[in-house]
Amino acid sequence: MHNNHKEKIEAVRKMALQFLAEAIGQCPAGLESNTNPDIVFAVLGFQYGAVQSAAYVAALGEDATKRITEDVVKKINGTSMESVSKILALMPMLAAKEYPPIDIGGKAIIAFYNATTEDEKLETTVSLREILRQIDEA
């Protein structure tokens, strides 16, 4: 059972990294250096929602989910653990307020996982780009 738990953790980590790399790859260039707080929180909320949803589906506990989320967000954004921890500390409050990017990220990764073709997978990754477009238009 313990080995199965480790395999679940690694599977969630791998899927989240693959999905988020694809989603970020669909976004405008320069996203990683953007300092607009609306965009930063939208991207991190999307990432948080995706990892949380994948961990939930895999029936992982709170501690494992927290570790995976920190690891994935740190790797995908190339930031320090201190920065990641500060931002992620705010996410449960935003989730409780039903912050849309969190919900969208959670639904998108499930659609990505359930996609049967590469085109369907690609279609799920454009949701982050759509969030950013809406922020730019606001």
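Author: Let me begin with a lining: the residues around the second largest pocket divide into 4 nonpolar, 4 polar and 3 charged. Here Ala, Val, Leu, Ile, Met, Phe, Trp, Tyr, Cys and Pro count as nonpolar, Asp, Glu, Lys and Arg as charged, and the others, Gly among them, as polar. This is a predicted model, in which local features need pLDDT of at least 70 and side-chain atom pairs count only at pLDDT 80 or more, while totals for chains, interfaces and linings use all residues. Residues are numbered from 1 along each chain as its sequence is written, and side-chain values use heavy atoms, with hydrogens and water left out.

Reader: What is a pocket, and what lines it?

Author: On a 1 Å grid over the protein atoms alone, a pocket is an open set of points where a 1.4 Å probe fits, with protein on both sides within 12 Å along at least five of seven lines, and lining residues have an atom within 4 Å of a point.

Reader: Which element gives the most to the lining of the second largest pocket?

Author: That is α3, with 5 residues; helices are DSSP runs (H or I, at least four residues), numbered from the N terminus. The lining includes Tyr48, Glu62, Lys66 and Pro92.

Reader: And the largest pocket, which residues lie nearest its centre?

Author: Glu32, Val40, Leu44, Asn77 and Thr79 do, among 15 lining residues. α2 gives the most to this lining, with 4 residues, and by class the lining of the largest pocket has 10 nonpolar, 4 polar and 1 charged residues.

How values were computed: Helix = DSSP H or I, 4+ residues; strand = E, 2+ residues; numbered from the N terminus.
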